[in-house]
Amino acid sequence: MKAGVVKEAAPEERRVAVVPDGVGKLRSAGFEVLVERGAGERAWLGDAAYADAGATIVSGAELYADADVILTVTRPTADVVETLRTGQALIGMLAPLTDPGLAAALAARGVTAISLDRMPRTLTRTQPMDALSSQANVAGYKAALVAATEFGRFFPLLITAAGTARPAKVLVLGTGVAGLQAIGTARRLGAVVTGYDVRPASRTEVESLGATFLELTAGVSAAGEGGYARELTAEERQAQQDELAGHISRHDVLITTAQVPGRRPPLLVTEDAIKAMTAGSVVVDMGASPLGGNVAGSRPGETIVTGNGITIIGADNLPSSMPTAASNAYSRNISSLLEYMTSDGALTIDLSDEIQAGVVITHDGQVVHRGVADLLAAEQKGGTGVDRPAD
Ligand code: NAD
């Protein structure tokens, strides 16, 4: 079996699915490894390092023609999908719940699509394969650094001959993997940090990092399935936004990470809340998406400064801005998954396995993932099935 590591198509995507260190792991699992020329160069991982690790450097056309298993970070373009053939496997973060049309197209071409972002995450044995967590860790760390860089004052308390600088007050909304890493990083920089989440269980994690947990009197508690949050009702959302606004205006830096799987990111910070912030405050919205993010007015990939002097950063792909760390971690996730799903050098698909039932999206010409199949069925009946970006 040949595994092929692609050069990501999007020019702004700097990660690569497998790093040179990962080539040996794939070879031990029985794969011959092909790497598309220049695949790692945006993460400072040159072709020579891949060749030294035992990979064969090939063109994109050769890779898509020859590879049995294609390894990618993000979704393939429509043009690439057209070149795939029956029996090939595609492994990446394919976001099938936000783009079920891609799953349908891959099924139609007879491709076995495996999506790391559907990994069941509460099982201890899936931790080495958990790409959402590995990338969220990178993103949360970088979010705190981006905020500190953009902020016009110090994060720590500084006492110098020229006077005392009071520490920055940082508020992190959404304290899952990314939020906790942002809290830890902001704390290491010396800021006074507060964290907020709708999952009550996150309180102890926030406090264990030396931050304060913000509890709303509105008492919105929304723990959903599998450790995730559920979507709030319209009334709950309104109460949350209203009460959060008062807290937001008392902070210098705001980092938002809130997500609900398969839904558009919840709006936590309204235009009025932004208007009430002090000039010079910085907002990093990790939920920024084409249909809006956690913060009113944020735009993915853009930094805007509002009329009242608030910098809003639409940080939609922070892992790509730390491409070597993010690729190293993702590469380990991919090789762990391949080790798990490979037997005698061949990919073994077993949908009765709890982990495979989560990650295998299409197989044998069918969309086999229940959630994605349900979405496609809802679309055929005329509904959208999910409140998702239009991409
Ligand atoms: P996520 O990216 O889906 O969401 C980020 C955070 O936003 C979550 O903490 C969520 O509760 C919060 N959120 C959603 N809606 C919100 C709202 N309206 N207001 C405020 N906050 C809101 O989450 P994640 O980082 O992927 O983590 C999800 C859960 O999975 C966490 O409980 C995490 O600890 C857990 N997890 C467990 C394991 C494991 O057991 N091995 C591994 C990874 C993650």
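A polar contact is a pair of N or O atoms within 3.5 Å; within protein, one must be able to donate a hydrogen and the other to accept it, and residues adjacent in sequence count only if both atoms are side-chain atoms. Keep that in mind for Ser-320: a polar atom of its side chain sits 2.9 Å from the backbone nitrogen of Arg-14.

This is a predicted model, where local features need pLDDT of at least 70, side-chain atom pairs count only at pLDDT 80 or more, and totals for chains, interfaces and linings use all residues. Residues are numbered from 1 along each chain as its sequence is written, and side-chain values use heavy atoms, leaving out hydrogens and water.

Ser-320 belongs to the loop between strand 15 (311–314) and helix 11. Helices (H or I, at least four residues) and strands (E, at least two) are DSSP runs, numbered from the N terminus. Beyond its neighbours within four places in sequence, Ser-320 is in contact with Glu-12, Glu-13, Arg-14 and Arg-15; contact means heavy atoms within 4.5 Å.

Asp-350 is in another setting, the loop between strand 17 (346–347) and helix 12 (354–359). Its side chain makes a polar contact of 2.5 Å with the side chain of Ser-352. Asp-350 also lies 9.1 Å from Val-360, C-alpha to C-alpha, with the two ten residues apart in sequence.

| Residue | Relative accessible area | Class |
|---|---|---|
| Ser-320 | 3% | buried |
| Asp-350 | 36% | partly exposed |

Key: Buried means under 20% relative accessible area, exposed over 50%, partly exposed in between (1.4 Å probe, protein chains only).
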